[in-house]
Amino acid sequence: MQLTDLSFLFDDNPQPMWIYDLSSLRILKVNKAATDKYGYSETEFLLLKANELHPQADQEKLYKTLRKKGIDLAVLQGINYGGIWTHEDKNGNHIFVELTSYNTRFENLACRVVSATDASEKMRFQEELIWTKSNLEALINNTEDQIWSVDKEMRYVYMNRAYRQLISQLTGTEPKDGDYTNLHPGFNEGDVERWSQYYHRALEGERYTVITESVDPITQNQHSFEVSFNPIYKIKGDITGVGCFARDITAWLATEKAMVDQNERLRNIASVTSHELRRPVASMLGLINIMDRENFFNPDNREIIEHLLVVGKEIDEVIRLIVDQSFMEGPSKDKFRTP
């Protein structure tokens, strides 16, 4: 490509542009947009080499890129997208530019024309995106809850660390991105069929929650998990997969069961107190009322005292029963099954 009388497209271009000699990297021509952007006068710019616009730390990377693409040997023909680079202006400030170049002949030399588009906003957005992604990954991977997603073919799309660790612990095999969930070697046919039904329900648009149970192969303890299934939609509304969230609710269920057991014991105590304790207490109060308290040695008091002893023993038995009800174990675990 030759530089022609269309040079006004170079000189008046709003994007910074320059031409440099491939053999020496010396800048031979520069437009006004470049001098404005970099702070050099035209004379100062023409004293620079193309590599001197890059920070010293990027020099080796620059030379490797030139050699890899064959730019320095004029092997590369046509337009080349060079990507985003860091440049330094006259005051040493770093600026981000997106470089595009193409080969030309200038002053009878093999050269390249470079166009530098300001990439500061793009880099800022990329940095914000990376920061957001990193923080999201940290948040997702620092939770003990299991988070994963599958596509319409029920292949793993994403898994957080907690999910990978749980599946590895339960099955002895760590799942990989892209694996088919229904072909996982650690699940039996019943597990595969059940989970396939779960995924299909969500793929049909249903959002729901189930409680599942698994046995820890090491401790042999049974764990209960609350799992929510959420369809993943495209902007147009098409379902592309399922997002799943699971949390271990074993301790929560045990606490709930303990509270139910405690409430049942309290009801039993109230019932015993109401029915079994009230009768002997009433008898005791009645006997006391008919006792001759002015003449304690009244022969009739002897019989009343005998009856009081009997009633006292009944009250003692009821109290023992209440104590037993307070500390007895709750109902059998078989009465609490997963919905």
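Q: How many bridges join S6 to strand S10, and in which direction do the two run?
A: Strand pairing is read from the bridges between two strands. In this predicted model, S6 and S10 (residues 239-248) are joined by six bridges and run antiparallel.

Q: How many residues lie between S6 and S7 in their hairpin?
A: The hairpin formed by S6 and S7 has four residues between the strands. In that turn, Met 154 has a positive phi of about 65 degrees.

Q: Which residues of S6 are on each side of the strand?
A: Burial is judged by relative accessible area, with under 20% counting as buried. On one side of S6 are Gln 146, Trp 148 and Val 150; on the other are Ile 147, Ser 149 and Asp 151. Both faces are covered, and six of the six residues in S6 (residues 146-151) are buried.

Q: Is Ala 116 buried or exposed?
A: The same cut-off of under 20% applies. Ala 116 is buried because its relative accessible area is 0%. Ala 116 belongs to strand S5, residues 109-118.

Q: What is Ala 116 in contact with, leaving aside neighbours within four places in sequence?
A: The contacts of Ala 116 beyond those neighbours are Gln 15, Pro 16, Trp 18, Tyr 38, Val 97, Glu 98 and Leu 99. As for Ser 101, 15 residues from Ala 116 in sequence, the C-alpha to C-alpha distance is 8.8 Å.

How values were computed: Residues numbered from 1 in each chain as written. Predicted model: local features only at pLDDT ≥ 70, side-chain atom pairs only at ≥ 80, totals over all residues. Heavy atoms only, no water. Buried < 20%, exposed > 50% of the residue type's maximum accessible area, 1.4 Å probe, protein only. Contact = heavy atoms within 4.5 Å.
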